Amino acid sequence: MSWDAVARKDFEDAIRSRWLLALSGLFVLLVAGAAYLVRPAPGQTISSNDVLNSLLIRDALVTTLVPLIALVVAYNAVVGERESGSLKLLLSLPHSRADVVFGKVVGRAGAISVPIFVGFLLPAAVFAAIPAVTFDAPAYLGYTALTAVLAVAFVSIAVGFSAAAASQRLAIAGAIAVYFLFVPLWGAVQFPLRFYLGMGGGPGWLPSPAPRCCGCSASSTPRGRSKSSRAG
């Protein structure tokens, strides 16, 4: 037995729970609601990309709701079993600690990915059948896959906090801190880094946007002046 056994059990437990059905229904309703809000006027058409770029999908669902749900699903993956005593039973089997943590990540990532794909792909079947909607299948599928990747990233962070935390309170605090860092406060956090890189900071191999930020570049030097200096 190894990490795949842990992941399979974790995923099967999540599949049997009602929250998975509730999340799938929520995602379907949100995508369908976004399509209704951006519906075309009679005689006109819209693209499926317009639905994905709507505020309800881009800002409310993907940027705000998906990371929050991923953290809630995974924050007690390890610490919850530690406090209940089931982790000792799990480690008494031929599993290493790495197997448990990695299996929890894979199992919870699969559990959160299922409602994301269901929530996006069910409305996609309707979009493809409606003549008024220009369905861009590669972009739609890529957007859905990247949304699942975003959820998996937050699940991985939450499981890491869950494995490192001594109690569920600390795991919850870590999940809340991660959410506020990467969602509401991310623009403020990355601004100093962008400014630093824009001023020419960072390693030498990193392309620097300093000329754009400072309004100057090497090509802005007057050519006539350089020629006259050479002539002199």
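## Helix packing in a predicted model

Author: This is a predicted model. Among contacts between residues at least 6 apart in sequence, 76% join residues at least 24 apart.

Reader: What does the secondary structure of the chain come to?

Author: There are 12 helices and 2 strands. In sequence order the pattern reads α-α-β-α-α-α-α-α-β-α-α-α-α-α.

Reader: And how many residues in the chain, with what percentage buried?

Author: The chain has 232 residues, and 34% of them are buried.

Reader: Let's go to the core. How many residues does the largest nonpolar core have, and which have the most contacts inside it?

Author: The largest nonpolar core holds 47 residues. Ile57, Leu61, Ile112, Ile116 and Phe120 have the most contacts inside it.

Reader: Which elements give two or more residues to this core?

Author: Those are α2 (18-37), α3 (48-52), α4, α6 (86-92), α7, α8 (137-164) and α9 (168-182).

Reader: Where does the largest share come from?

Author: From α4, which supplies 9 residues of this core.

Reader: Take Ile57, then. What is it in contact with, leaving aside neighbours within four places in sequence?

Author: Ile57 contacts Leu30, Val31, Ala34, Val51, Leu52, Val62, Phe120 and Tyr143, with those neighbours left aside.

Reader: OK, helix pairs. At what angle do α4 and α7 pack?

Author: Helix α4 (residues 55-74) and helix α7 (residues 97-129) pack at about 150 degrees, and their axes are 10 Å apart. That angle makes α4 roughly antiparallel to α7. The crossing of α4 past α7 is right-handed.

Reader: Which residues of α4 and α7 meet?

Author: On the α4 side they are Ile57, Leu61, Val62, Val66, Ile69, Ala70, Val73 and Ala74. Their partners in α7 are Arg108, Ile112, Ile116 and Phe120. By class, this contact of α4 with α7 has 11 nonpolar residues, no polar ones and 1 charged.

Reader: Next pair, α4 and α8. How do their axes cross?

Author: The axes of α4 and α8 come within 8 Å and cross at roughly 35 degrees. Here α4 passes α8 in a right-handed crossing.

Reader: Which residues meet there?

Author: From α4 there are Ile57, Arg58, Val62, Val66, Pro67, Ala70, Leu71 and Ala74. They meet Tyr143, Thr147, Leu150, Ala151, Phe154, Val155, Ala158, Val159 and Ser162 in α8. The contact of α4 with α8 divides into 14 nonpolar, 2 polar and 1 charged residues.

Reader: And α2 with α7, what's the geometry?

Author: The axes of α2 and α7 cross at roughly 35 degrees and come within 8 Å. The way α2 passes α7 is again a right-handed crossing.

Reader: What do α2 and α7 put into the contact?

Author: In α2 the residues are Trp19, Leu20, Leu23, Ser24, Phe27, Val28, Val31 and Ala35. In α7 they are Ala111, Ile112, Val114, Pro115, Ile116, Val118, Gly119, Phe120, Leu122, Pro123 and Phe127. The contact of α2 with α7 has 17 nonpolar residues, 2 polar and no charged ones.

Reader: About Ser24: buried or exposed?

Author: Ser24, in helix α2, counts as buried because its relative accessibility is 12%. Apart from neighbours within four places in sequence, Ser24 is in contact with Pro115, Val118 and Gly119.

Reader: What about Ser48, buried or exposed?

Author: Buried, at 0% relative accessibility for Ser48. Ser48 lies in helix α3. Not counting residues up to four places away in sequence, Ser48 touches Val133, Thr134, Phe135, Asp136 and Tyr140.

Reader: What does Ala14 touch, not counting residues up to four places away in sequence?

Author: Ala14 touches Trp19, Leu20 and Ala111 on that count.

Reader: How many residues apart in sequence are Ala164 and Val79, and what is their distance in space?

Author: Ala164 and Val79 are 85 residues apart in sequence and 8.1 Å apart in space, C-alpha to C-alpha.

Notes:
Residues numbered from 1 in each chain as written. Predicted model: local features only at pLDDT ≥ 70, side-chain atom pairs only at ≥ 80, totals over all residues. Heavy atoms only, no water. Contact = heavy atoms within 4.5 Å. Axes fitted to C-alpha atoms, helices over the stretch in contact; angles between N-to-C directions. Helix = DSSP H or I, 4+ residues; strand = E, 2+ residues; numbered from the N terminus. Parallel < 35°, antiparallel > 145°, perpendicular 65-115°, else oblique. Left-handed = near helix turned anticlockwise from the far one by under 90°. Nonpolar A, V, L, I, M, F, W, Y, C, P; charged D, E, K, R; others polar. Core = buried A, V, L, I, M, F, W, Y, C linked by side-chain atoms within 4.5 Å. Buried < 20%, exposed > 50% of the residue type's maximum accessible area, 1.4 Å probe, protein only.
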